[in-house]
Amino acid sequence: MSPSFLFFILFLIKEMSSSSSANSFEDSKYKTDLLTVGLSSCCWKTPSSSPTPQSPPKRLLVATPVEEGEYPVVMLLHGYLLYNSFYSQLMLHVSSHGFIVIAPQLYSIAGPDTMDEIKSTVEILDWLSAGLNHFLPPQVTPNLSKLALSGHSRGGKTAFSVALKKFGYSSDLKISALIGIDPVDGMGKGKQTPPPVLTYEPNSFDLDKMPVLVIGSGLGEISPNLLFPPCAPPGVNHRDFFRECQGPAWHFVAKDYGHLDMLDDDTEGIRGKISYYLCKNGEERRPMRRFVGGSIVAFLMAYLEGDDSELVKIKDKSHEGVPVEIQEFEVKN
């Protein structure tokens with residue numbers, strides 16, 4: 001075998017490998033671990049002679065690559081009355097592409113008012129600079145100059161509230177990107193949960209050119225049965241959030257999938273079992289979860305890492321790996 005032919009074969013193997021790992025809708029090359037950081041947890045990196053780092057304000061679930069390196073950070077805020085553990089498969093998907101994903105448990109029981117969640121989110125963001133590094137594996141470093149804030153359902157409303165600095169709470173950390181996963185601002189127009197985020201003025205969200213991704217569910221506006229209302233009602237859902245965004249902003253809607261279809265396949269406990277019946281659902285969760293995870297990865301790779309190849313393929317409808325039918329697609333530049 002000639003050296004040139006051998007080089008050609010190695011080149012093809014490398015290209016096939018990189019192409020495979022680059023598909024944002026599949027798990028990628030980074031090995032990951034799922035960590036629980038409690039209110040009294042200690043740490044990986046602090047020598048015994050050093051002061052114990054302050055624990056986070058809320059219990060955290062952290063999906064992190066385990067290979068040595070510096071990685072962007074994504075905070076994921078859970079939906080109403082859900083547990084952060086219900087998002088573990090989604091978190092590991094995103095983390096496998098080279099991101100540290102942090103999901104706080106903001107509350108166990110909550111009323112309609114979201115001010116406590118907004119305040120807690122800011123407190124956790126402020127804790128990250130001094131605290132996060134101590135609770136990660138020793139070889140892993142968080143890059144907080146590349147920080148994305150995301151949230152699902154009511155957590156999406158909270159994420160927008162924090163990014164907009166609307167209600168007197170703001171973090172010293174700069175948020176580089178914002179993601180709303182089927183965000184919801186209440187039960188309907190005129191029935192927003194306090195404090196309301198939507199103003200019903202197009203392009204009214206002043207985020208200082210922060211890139212935004214809004215993901216919607218095609219079935220979220222449909223009632224699952226006669227007992228329950230829609231989980232993402234018209235007038236307070238993803239369309240309304242995107243309508244108020246300025247560019248750059250992206251809006252994807254997955255057809256035939258519901259408001260909770262990005263959760264884990266098996267969500268345990270009473271709340272986990274109820275999650276299968278509260279909303280109109282698709283046939284299975286995995287495709288929607290892959291779609292949400294892949295869209296987040298493509299968006300963050302474009303705006304945090306400067307690689308827009310996956311996002312462009314989604315935009316051009318040339319991506320062969322999209323696991324759902326995209327019902328709606330909009331971009332504001």
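A residue is called buried when its relative accessible area is under 20%, exposed when over 50% and partly exposed in between, with a 1.4 Å probe and protein chains only. Helices (H or I, at least four residues) and strands (E, at least two) are DSSP runs, numbered from the N terminus. The model is predicted, with local features needing pLDDT of at least 70 and side-chain atom pairs pLDDT 80 or more, while totals for chains, interfaces and linings use all residues. Residues are numbered from 1 along each chain as its sequence is written, and side-chain values use heavy atoms, leaving out hydrogens and water.

Five of its five residues are buried, so β4 is largely enclosed by the rest of the structure. One side carries I100, I102 and P104, and the other V101 and A103.

Strand β4 also has two partners, where pairing requires at least two DSSP bridges. Strand β2 (residues 60–65) runs antiparallel to β4 and is joined to β4 by four bridges, with V62 opposite I102. Strand β3 (residues 69–77) runs parallel to β4 through three bridges, and here M75 stands opposite I102. Between β3 and β4 the chain passes through helix α2 (residues 88–95), in a right-handed β-α-β crossover (clockwise from the first strand over the helix to the second, with the strands pointing away from the viewer).

Turning to the helices, E117, I118, T121, V122 and L125 of α3 meet R154, T158, S161 and V162 of α4, contact being heavy atoms within 4.5 Å. These residues comprise four nonpolar, three polar and two charged (Ala, Val, Leu, Ile, Met, Phe, Trp, Tyr, Cys and Pro are nonpolar, Asp, Glu, Lys and Arg charged, and the others, Gly among them, polar).
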